[in-house]
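Welcome to this structure! Here are some notes to read with the model open beside you, taken one point at a time.

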Amino acid sequence: MPWDRNQMAERAALELEDGFYVNLGIGIPTLVSNYVPEDYDITLQSENGMLGMGAFPTEEEIDPDLINAGKQTVTELERTSYFSSSQSFAMIRGGHINLSILGAMEVSETGDLANWMIPGRLVKGMGGAMDLVAGVQRIVVIMDHANKAGESKLLKKCSLPLTGQGVVDRVITNLGVFDIVEGGLRLVELAPEVTMDEVHEKTEAAIVI
Amino acid sequence: MKKVYSAAKSALDGLLFDGMTIAAGGFGLCGIPENLIQSIKESGVKNLTIASNNAGVDGFGLGLLLQDMQVKKMISSYVGENDLFMQQYLAGDLEIEFNPQGTLAERLRAGGAGIPGFYTATGVGTKIAEGKELKEFDGKTYVLERGLKADLAIVKAWKGDEQGNLTYRKTAMNFNPECATAGTVTVAEVEELVPVGALDKMSIHTPGVYVQRIFEGKHEKRIEQRTTRAA
């Protein structure tokens, strides 16, 4: 069985290391916070200006001055610090954040990432994604292996406008885990009952052993 | 020189002109200068270029300035959640220059700090870097981005004093400190205007030198995505 959204997030949580400062993208990446090992000391960064992001608030705790990068209300922790946008991106661009886990529309075999615009459709903007992929130490993508039409999202070359060039380190799909290495994708792990034949069939990008 | 004004309208007196560039603080609807935006709407000033991370929502925040077509161009990183924006954009009435969020923040910071340009790896190899100078440092490629200044900066703080010293609250800080430095003139609206000396001097985020005019206003603080957990 390929992994579902929650299982992909659970697998992605294995990318965390004790003491990491982490930025999670919107969507499935947000679910990763549900699977942080209890004995790990992980600090979540929110690029609108917060280090040490807590859970969603209770109705009584809601504070309009306290939101995350997805504009959702959140809470603070004992460790929390607040700062301005240029400070927030200084820690991102300056390589001080250990890991970012984010979603994607396409990833190429050379680690190019496309996740911000589809030509001909309404473009909403890239937000902080381009800064994150350019600056964070390690970039892990979580996405479905194929799109709704069944076409591979792991490509030789991205067809959509790029968010970053050669920036992705690892991709976690519903079929397995892949590293971007010299020459293409290297399989790290298969989801339960998924075969290598199925992966080959559903992957356009080169797979190296 | 007296910096304190009674309200947004008087604080903006003599500052607005057609075709001007305005830097506006806020992230989504959090920490936006609500009163100043409303007053700019009422002034009828047109052909504005606005540097702001977002463009508000329909009927609130910077979305108000779209209702009478006052905005010519937005410099933003994300403009979703705004139908009127999309209508005007698709009709060709509104121009958008997308900047990566960190690049926009650094452009404003640099502009306010007297730095005309800076190199960043953000956007290299993407549409954002097209037509811009690229330069290699230590084997890695960077793109030249320009500092950004504005004729007017409008910011919102939690507390401010009569000298224009500002303190922001939680994530309502966001782009406000950068915008405050980037304005030729900066007008700040605060939830609470306090006498000089009442703010903790070690907790001032924006020193008063950056702020020319200040007033106290009421804030709705509308929430864009109200998300909760069970108590």
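1. Contact here means that heavy atoms lie within 4.5 Å of each other. Please keep in mind as you read that this is a predicted model.

2. Let us begin with one residue, B:Val185. You will find B:Val185 in strand β10 of chain B, which covers residues 183–194. Leaving aside residues up to four places away in sequence, B:Val185 touches B:Leu15, B:Asp151, B:Leu152, B:Ala153 and B:Gln212.

3. Now to a sheet in chain B. In which order do the 3 strands of this open sheet lie? The order is β5-β7-β6, with antiparallel pairing. At the edges are β5 (117–120) and β6 (134–137) of chain B, each of which pairs on one side only. Ignoring direction, neighbouring strands of this sheet are turned by 40° against each other on average.

4. Stay with that sheet for its details. Strand β7 of chain B (residues 140–146) runs antiparallel to β6(B), and 4 bridges join the two. In one place to look, B:Phe137 has B:Lys140 in β7(B) as its bridge partner. Helix α4 of chain B (residues 101–112) packs on the sheet and touches β5 and β7 of chain B. The direction of α4 makes about 150° with that of β5(B).

5. Chain A has an open sheet of 10 strands with mixed pairing. Reading across, the order is β4-β3-β2-β1-β5-β8-β10-β11-β12-β13. Its edge strands, β4 (76–82) and β13 (207–208) of chain A, each pair on one side only. Within this chain, strands β5 (residues 99–102) and β8 (residues 138–142) run parallel and are joined by 4 bridges. A:Ser100 stands opposite A:Ile139 in β8(A).

6. A helix belongs in this picture too. Helix α1 of chain A (residues 5–12) lies across β5, β8, β10 (170–172), β11 (176–181) and β12 (184–190) of chain A. Relative to β10(A), helix α1 runs at about 150°.

7. How do the two chains meet? In total, 50 residues of chain B are in contact with 49 residues of chain A. Between them the chains bury about 4100 Å², 60% of it on carbon and sulfur atoms. On the chain B side, B:Lys170, B:Thr171 and B:Arg229 lose the most area to chain A, together 16% of what that side buries.

Terms used:
Residues numbered from 1 in each chain as written. Chains lettered and ligands numbered in written order. Predicted model: local features only at pLDDT ≥ 70, side-chain atom pairs only at ≥ 80, totals over all residues. Heavy atoms only, no water. Pairing = 2+ DSSP bridges. Axes fitted to C-alpha atoms, helices over the stretch in contact; angles between N-to-C directions. Buried area = accessible area lost by both parts, 1.4 Å probe.
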